[in-house]
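Visitor: I have a structure open and would like to talk it through. Can we take it piece by piece?

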Amino acid sequence: FWPTQEMSIAFVTFLGAFYTIVINVVGGARSIDVRYFQSAQAMGSSQWDIFRRVVFPAALPSIVVGAAVGMGITWEVVVAAEMISGGGSQSGGAGGGLGFFIWNSYLGGSYQQIVVGMISIGIAGFICSEALRHLGGLLTPWLKRR
């Protein structure tokens with residue numbers, strides 16, 4: 001469907017996370033109390049002001065949670081896609097990502113390399129999750145625990 005294997009991996013990864021994030025964002029926006037909209041409209045706010053000052057700040061925690069869940073799904077999907085892809089279109093069979101590395105190690109019977117690959121995925125996932133958690137704390141300071 002896509003001209004290169006890398007584009008196929010990117011598309012499948014996008015699909016894996018997109019719907020999770022969208023469902024969280026829509027759920028966060030729908031959970032806003034209608035009285036906030038009514039109050040803002042009664043005070044003469046424009047649609048842009050209502051979005052900027054009511055909808056976006058209220059939905060921001062859901063956006064951050066959706067991004068965190070989407071990150072986990074993305075790591076699962078990208079590793080699986082790399083295993084299936086066979087290392088991408090680079091010459092000589094070299095290249096690919098951690099999923100390809102783990103799959104080749106499995107086929108070669110190198111169990112130590114499989115463990116190293118799994119630990120690497122865990123570390124990369126942890127770093128991404130911590131970065132998102134930190135970003136979420138910066139974007140939603142009113143939710144920080146004391």
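Visitor: How do the residues of the lining of the largest pocket divide into nonpolar, polar and charged?

Guide: The lining of the largest pocket has six nonpolar, five polar and two charged residues. Here Ala, Val, Leu, Ile, Met, Phe, Trp, Tyr, Cys and Pro count as nonpolar, Asp, Glu, Lys and Arg as charged, and the others, Gly among them, as polar. Bear in mind that this is a predicted model, where local features need pLDDT of at least 70, side-chain atom pairs count only at pLDDT 80 or more, and totals for chains, interfaces and linings use all residues. Residues are numbered from 1 along each chain as its sequence is written, and side-chain values use heavy atoms, with hydrogens and water left out.

Visitor: Which residues lie nearest the centre of the largest pocket?

Guide: V64, L132, R133, G136 and G137 do, out of 13 lining residues. A pocket is found on a 1 Å grid over the protein atoms alone, as an open set of points where a 1.4 Å probe fits, with protein on both sides within 12 Å along at least five of seven lines; lining residues have an atom within 4 Å of a point.

Visitor: How much space lies in the largest pocket?

Guide: About 270 Å³. That volume is the space filled by probe spheres set on the points, with grid points joined across faces, edges and corners.

Visitor: Which helix supplies the largest share of the lining?

Guide: α5 does, with six residues. Both α3 and α5 supply at least two residues each.

Visitor: Changing topic. How many helices and strands are there?

Guide: Five helices and zero strands. Both are DSSP runs numbered from the N terminus: helices are H or I with at least four residues, strands E with at least two.

Visitor: Is the protein a compact globule or more spread out?

Guide: More spread out, because its radius of gyration is 21 Å, well over the 15 Å that the globule rule gives for 146 residues. The radius is taken over C-alpha atoms, and the rule is 2.2 Å times the number of residues to the power 0.38. Along the principal axes, the C-alpha atoms fill a box of roughly 70 × 40 × 20 Å.

Visitor: What share of the residues is buried?

Guide: Of the 146 residues, 25% count as buried. Buried means under 20% relative accessible area, exposed over 50%, and partly exposed in between (1.4 Å probe, protein chains only).

Visitor: Which residues make up the largest nonpolar core?

Guide: There are seven: I9, V78, V79, A81, I102, I114 and I121. A second, separate core has five residues, including I32, A40, I50 and V55. A nonpolar core is a set of buried Ala, Val, Leu, Ile, Met, Phe, Trp, Tyr and Cys residues joined through side-chain atoms within 4.5 Å.

Visitor: What does I9 touch?

Guide: Leaving out residues up to four places away in sequence, I9 touches V78, A81, E82 and S85. Contact means heavy atoms within 4.5 Å.

Visitor: And T13, is that buried or exposed?

Guide: T13 is buried, at a relative accessible area of 12%. T13 sits in helix α1 (residues 5-30) and, with the sequence neighbours up to four places away not counted, touches T74, V77 and V78.

Visitor: Where is T20, and what does T20 touch?

Guide: T20 is in helix α1. Its contacts, not counting residues up to four places away in sequence, are G66, V69, G70 and I73. T20 counts as buried because its relative accessibility is 19%.
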